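Have a look at it first, then read on.

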Amino acid sequence: MPHIAGIDHVQLAIPPGADDAARAFYGGVLGLTEIPKPAPLNASGGMWFQTGTTQLHIGGQAQFVPAKKAHPAFIVDGFDAYCALLREHGVVVREEAPVAGRRRAGIEDPFGNRVELIAAASA
């Protein structure tokens with residue numbers, strides 16, 4: 001039967017011209033791996049990152065408004081150590097109520113977009 005098999009990517013908006021700050025946060029602070037955008041899309045700016053089989057696409061948006069509810073949720077191995085690392089980079093990490101027995105935290109990117117961190121499931 002035809003069905004949706006997974007998520008290819010999530011798109012986040014940033015203010016126009018904020019590519020360097022986005023790259024520093026998502027690639028530098030969060031440690032995501034940047035991947036090349038297809039050539040026809042380079043003129044619009046922005047960047048793409050890969051984590052597991054899913055991509056995070058970042059792009060400038062005129063009249064930008066940060067996403068406070070909609071968000072990506074990243075699965076984190078070594079949850080406590082990763083949150084500590086983020087705090088060392090000056091990121092405010094807010095612990096949130098666990099869901100399905102897994103710890104969660106919320107952070108914001110430099111533009112005010114919500115990002116959720118979820119502890120990897122125990123083996």
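This is a predicted model: local features need pLDDT of at least 70, side-chain atom pairs count only at pLDDT 80 or more; totals for chains, interfaces and linings use all residues.

Residues are numbered from 1 along each chain as its sequence is written, and side-chain values use heavy atoms, with hydrogens and water left out.

The protein chain has two helices and eight strands, going by DSSP runs numbered from the N terminus (helices are H or I, at least four residues; strands are E, at least two). Of the chain's 123 residues, 37% count as buried, meaning under 20% relative accessible area with a 1.4 Å probe, protein chains only.

Now for Q55, which sits in strand 4. Is Q55 buried or exposed? Its relative accessibility is 17%, so Q55 counts as buried. Q55 touches D8, H9, V10, I35, W48, F49 and Q50, leaving aside residues up to four places away in sequence; touching here means contact, with heavy atoms within 4.5 Å.

Last stop: the lining of the largest pocket. Eleven of its residues are nonpolar, five polar and one charged. Here Ala, Val, Leu, Ile, Met, Phe, Trp, Tyr, Cys and Pro count as nonpolar, Asp, Glu, Lys and Arg as charged, and the others, Gly among them, as polar. Strand 5 gives the most to this lining, with four residues.

Terms used:
Buried means under 20% relative accessible area, exposed over 50%, partly exposed in between (1.4 Å probe, protein chains only).
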